[in-house]
Each structure stands twice: as C-alpha cells, then as structure tokens.
Amino acid sequence: MLNVVSANWDSVPNSPVKQNRIIAAIDIGTNSLHMVVVKIEPTLPSFTMIAKEKETVRLGDRNLETGELKPEVVKKAIACLGRFQGLAKSLEAESIIAVATSAVRESPNGKSFIHTVETELGLNVDLISGQEEARRIYLGVLSGMEFNHQPHVIVDIGGGSTELILGDSQEPRSLTSTKVGAVRLTSEFITSDPVSDQEFQYLKAYARGMLERSIEDVFSHLQENEIPQLVGTSGTIETIAIIHAKEKMGIVPSTLNGYQFSFQDLRTWVTRLRRMNNVERAAVSGMPEKRSEVILAGAIILQEVMSLLNVESIVLCERSLREGVIVDWMLTHGLIDNKLRYQTSIKERNVLKLAQKYHVNLEHSERVATFAASIFDQTQRKLHNWSQDESQLLWASAILHNCGHYISHSAHHKHSYYLIRNGELLGYNETEIEIIANLARYHRKSVPKKKHENYRNLLHKEHRQMVAQLSAILRLAVALDRRQIGAVSHIQCEYAPESKELKILIFAANPEDDCALELWSLDYKKSVFEDVFGVKIVTSLVNLSA
C-alpha cells in the first residue's frame, strides 16, 4: 500500500537493524502541504524531528463548476513538493512517503495530479481514504500523547474533511471521516464579510447535520458510563489555542501539546470572529498568515463537535497525520511490535531518546534512578506523601540529570535544565517538563531559590515543594554512585519518628570495597535533605562478609 523507496535490507530475513534511518513524510492536504523529516531510532523505538515544513497551497480551492483542481494551484503544489523533496534529499532521507487526502481524492483530475507529480518529480503519492486518514491520525496522536487506556475522541479538522476517532491506546474503536472542512465550508457557504447572520446560522446547521452520523458512531462504541476526553489536532484547533493563549497569558507556550481550552472559551471566540471582517481577523494576535480566511468555518465545526459530544473542554496534541504516516511506516517495517507497546511507553521512550541524543552515561543514570526510587519508596508516607506520578518525574530527572555535560562540564546542572526544558519530551505537559528540568537543575550545587528564574517558573507552591523535596532525594541518589562504577548494590532506609533520624544502610557490591568516596559524598550532600525534611541522616556501611 505504501509507495516508498526502501533500503534492500527490509526484505531480507533476519537482516541487522539499520540505525538512525532518516524518513520524510508529506501530507498533501486540502489547505496546506506539510512535511516532516525524522530520524528513526529503531532500538527505542522512536523518532526525532529533523525538519518541519508547511506551505498553504489551497488545493481545496477547486473549480466550482467541475470540481477539478485548478491548473494554477496544481502548479503551485508541484513546485512546493519539489522544494520539499529537495530538502528531504539534502537531509539524506532514504524514503519519502507522500499521502494525499480530501481535495485530491474527490477531484475528477486528482489521479491526473498524482500522475503529474510522479512524472515530473519521481515522487509516488499514496491517495488514502478518509478512514485510512483517520487511522493514521490515530497512530500519530498515540505517538505524542498518553491515553492510559482511557477512551479519547480525536477530532482533526482539515481543509476538506473532519476526522473523528475513538480510541483508548489499543485498536481504534471508531474511525470516521466527514466531508466538512474549514476550506470547503468557507468556499461553499460564506460569501459575506463579515459573515451574515443567515450564512452563519446555515453554516452551523449544515456542519451539525453532517457530523451527526460520525458522532452517533462514536457513541455506539462507548461503554456505559464512559466519558471520553476530547483531543484536538491540526491547524484550526492549534490556531484557536494560539490566539486563546496569547490573550489569556500574553505568550504562546513552547509546545501546544497538552494545552487546553474550554467549550465556553471556544463559543466566545466564535462569537467574536463572526463579527469581524477578514482584515480584522487577520489582525488578531497569534493568527497565522492566511488562516484568518478559513478560521471561522473551522471554529464552527469544532463548536458543533463539542456540542454534540457534550464535552466541556479539549486538549491539544501537536502530532497528527504526518507523524502517523511515520508510525505506520515503522509498523510496516517491523520496527514496532504493535501499537499498544508503542503507546504505553511514550514517556519513558522519549526520556531515553533525549538521554541518547545528549550522550548520557545511561548505566550511571539508571543506577541513580534506582537509588532515587528506593529512597522515594522507603520514605513514602513517612517523610513525604508524593505518589507514583511524582516518582515518574523523579525517574525522568534522574535519567537526564547529567545531560548538561553535552554542553560543558562547568555548571552542567544549569545546562541540563536548558536541554530538558527545550527538548521534545512527548507525553509530558508543560508543567511536568518544567518540574523535571528543575529537578535536574538542583541535583548539585545551589538549592532552589526564589531569585532563580527557572524556580520562579513554577507557579504553584505544591510544585515548588515537590522540586525542593525530590531534588534532595536526587542529590543522595547521585552521591550513592559517586564513582559511577556501581560500588553500592542497594540501600536500606530506617526512619525513627521519635528522634527524627533517618538511618541509611549502605550495601557494597564488592565486600572488599569500603565505599569511602560514596560515604563521603553522602555526608557532603545530606544537609540539603536534612533541611528540607527536618531529619538527621546517619549512614553506615553494612559488611556482609563479616
């Protein structure tokens, strides 16, 4: 089904896994053409973005009488694809996977367009159905968001169609595609500027009527008492999130992954946008170029989806069809065992990917993570009440605490903060990434202080307390592998509440090793832990050979 130029080893049984394969995926959409170029790391398995490109071509602006793609638009699209192809080749992509969606599959000359692309550029394009488009969108979202086996409805509003997918980490329960999109509805139903009341009401009714069947299919696959979370992807929803964030916070988050806005927020923006003309919409802070022309229709579609589903909020995922094309390619080529495995380890996989990127000594980091988890578990409900969610953040910071060495040994804890904060840690929201980065920042040297900008970025008192306490645990864990040779096999913590004393028993991996440097390092670093938790630490080496 996929038209790709693959390396020969794919068809060779038991051939060795090729490392760091570079793949490009192109989404030929109704409104825009998108491309991502990624480096696949089969051993994780995961992929890292190398380049992202987008151009608004408007293939959906078809001849109203014949429904055909216009010659001038086709020419523009082919020129864009040529540029994409050139960039992918310059980045040494071994395969370029191109898919075409709504506008091309519905146009009488759509197949002629695909043939022209192949003739002029030598680029094979896979024309996919609406349901296949929905399936790959699902794969893309799974690669960037944790579902935790709970039902989620994904809505992807494109230029020519809207995909609704119901899934819960495993096989999708419902895959639907409806012929309502931001470009399609704008070109077919909006002739006034600002939109007239009559056109606005008709647009709402039409979108609602078209979406009802897809919504019914979603509901038919929900079990009793299941309440799904709504996840939004792609241009229309990202634009609404951007303009919402700009007005609410004055800035756009570094990642929209996990960003939420409410149904009431959306209704407010629909009301405001319908009263503006195109020039006024284009002037809205955060509005991307050319998006102002079609944003109202797209926002109306989303409003009707949320109304029909009776949901109060929507959360964003930045991954969608083009990332799903990559995941599908990985599945096809045996680089992922199955979708479930890929989904359940998103967070862990992306932490390890970042560690690999910055040449972290994983053996050392994993020992530190083990010690940190041991201290966390043995002091839980005695010195702290953090849950497994916080333990997972501690694990991530332990794995990445030394990544700043990639920049410089001097002040590497500060460099670790920067690299983690600006890394692509999919599966985590903005707050969680900030916490992980701060934990790594304070694994050595200064304790958290309000004058530190990174610490002030933690807006809630609970999050500041979490960083103070968990970073103190991380300091002890780092000390326990001071020589980075695995000298300590395990530890045992004994807390005496009456004396507020925490005894840490150290078990050496080698009975002949006195672990002097580890004990010295613990003694040097324990004061931060003692201050934070209000205890006194006593350490001793257990000699099992005695």
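Trainee: Which residue with a positive phi follows H1?
Mentor: Glu92 follows H1, with a positive phi near 65°. Keep in mind that this is a predicted model, where local features need pLDDT of at least 70, side-chain atom pairs count only at pLDDT 80 or more, and totals for chains, interfaces and linings use all residues. Residues are numbered from 1 along each chain as its sequence is written, and side-chain values use heavy atoms, with hydrogens and water left out.

Trainee: Which residues of H1 are buried?
Mentor: In general, an α-helix has 3.6 residues a turn, so residues three or four places apart point the same way. Buried means under 20% relative accessible area and exposed over 50%, with partly exposed in between (1.4 Å probe, protein chains only). In H1, Val73, Val74, Ala77, Ile78, Cys80, Leu81, Phe84, Gln85 and Ala88 are buried. They cover an arc of only 165° around the axis (taken from the directions from the helix axis to the C-beta atoms), which puts them on the same side of H1.

Trainee: Which exposed residues does the face turned away from the buried side of H1 carry?
Mentor: That face carries Pro71, Glu72, Lys75 and Ser90.

Trainee: How many residues of H11 are buried?
Mentor: Ten of its twelve residues are buried, among them Trp329 and Met330. After H11 comes Gly334, with a positive phi near 70°.

How values were computed
Helices (H or I, at least four residues) and strands (E, at least two) are DSSP runs, numbered from the N terminus.
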